[in-house]
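Subject: Structure handover

Hello,

Here is the structure for you to look over. My notes follow it.

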Amino acid sequence: MKVHALKGGDKAQEHFDSIEKTDGCWPWPGWVVESGYGRAPLGANARPRYKYAHIWVYERVVGPISAGMQIDHLCHTEDLSCWGGFDCPHRRCVNPDHLEAVPQLTNIARQQWRVRRPTCSQGHEYAGDNLKIRKDGGRICIRCRYGDPDSNPRSASAA
Ligand SMILES: [Zn+2]
Ligand SMILES: [Zn+2]
Ligand SMILES: [Zn+2]
């Protein structure tokens, strides 16, 4: 997505121009709050109101967000090494290509698997080749689902 101009006028263009538009994430260059999200000032008032920078960019580049929809960071969802939280580097990303409006339930499901335990009920680690993410954000343990390539039941019973 090539974006050069924003809807809205006021100081919006100035803020948008100050973003470094790389091939990857676009870290918000302005105020970033403790939780890791960028905050964008609204209007040109001396004491502006603020809103989340990624939502601000999405609304001005893509359009209004429908009721019941939330903006999800695709770069975070796709980075399985990121466990989220305040240290998540994706929260401040405002690249429109990394932002997707999804139903609230999808967003919650995508977030929940990260805060759940790091292993399946059999103690297999949800990581690397042993992890598959369902479309709704749930996790699948590959070993439980498709069998463990390392174990050989016959040799185990003979021992
Ligand atoms: Zn990103
Ligand atoms: Zn992240
Ligand atoms: Zn398992």
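Start with Ser121. Ser121 sits in the loop between helix 4 (104-115) and strand 5 (131-133). Helices (H or I, at least four residues) and strands (E, at least two) are DSSP runs, numbered from the N terminus. Ser121 counts as exposed because it has 8 C-beta neighbours inside 10 Å. The cut-offs, with C-beta atoms placed from the backbone: buried means 20 or more other C-beta atoms within 10 Å, exposed means 12 or fewer, and partly exposed lies in between.

A word on provenance. This is a predicted model, so local features need pLDDT of at least 70 and side-chain atom pairs count only at pLDDT 80 or more, while totals for chains, interfaces and linings use all residues. Residues are numbered from 1 along each chain as its sequence is written, and chains are lettered from A and ligands numbered from 1 in the order in which they are written.

Confidence next. pLDDT is the predictor's confidence in each residue, from 0 to 100. The protein chain averages 81, and 77% of the residues score at least 70. Residues 154-159 stay under 50. For that stretch the model has 1 contact beyond four places in sequence; a contact needs C-beta atoms, placed from the backbone, within 7 Å. Where pLDDT is low, the predicted coordinates should not be read in detail.

Overall layout. The protein chain has 6 helices and 6 strands. From the N terminus on, the order is α-β-β-α-β-α-β-α-β-β-α-α. Buried residues make up 18% of the 159 residues. Of the contacts between residues at least 6 apart in sequence, 52% join residues at least 24 apart.

Now the core. What does the largest nonpolar core contain? It has 9 residues: Trp26, Trp28, Ala40, Ala53, Trp56, Val57, Cys75, Cys93 and Val94. Helix 2 gives the largest share of this core, 3 residues. A nonpolar core here is a set of buried Ala, Val, Leu, Ile, Met, Phe, Trp, Tyr and Cys residues joined through C-beta atoms within 7 Å. Beyond four places in sequence, Ala40 touches His15, Gly30, Tyr50, Lys51, Ala53 and Trp56.

Helix 2 covers residues 53-61. Its buried residues are Ala53, His54, Trp56, Val57 and Arg60. They lie on the same side of helix 2 because they cover an arc of only 160 degrees around the axis. That arc is taken from the directions from the helix axis to the C-beta atoms. An α-helix has 3.6 residues a turn, so residues three or four places apart point the same way. Just after helix 2, Gly63 takes a positive phi of about 140 degrees.

Cys141 is in strand 6 (residues 139-141). Cys141 is partly exposed, with 19 other C-beta atoms within 10 Å. Not counting residues up to four places away in sequence, Cys141 touches Cys120, His124, Tyr126 and Asn130. Cys141 and Gln122 are 9.3 Å apart, C-alpha to C-alpha.

Two other pairs are worth a look. Lys21 is in the loop between helix 1 (12-17) and strand 1 (39-42). Lys21 counts as partly exposed, with 13 C-beta neighbours inside 10 Å. Lys21 and Val94 are 73 residues apart in sequence and 9.3 Å apart in space, C-alpha to C-alpha. Leu105, in helix 4, is exposed, with 12 other C-beta atoms within 10 Å. Leu105 and Met69 are 36 residues apart in sequence, and 8.9 Å separates their C-alpha atoms.

Best wishes

How values were computed. Contact = placed C-beta atoms within 7 Å.
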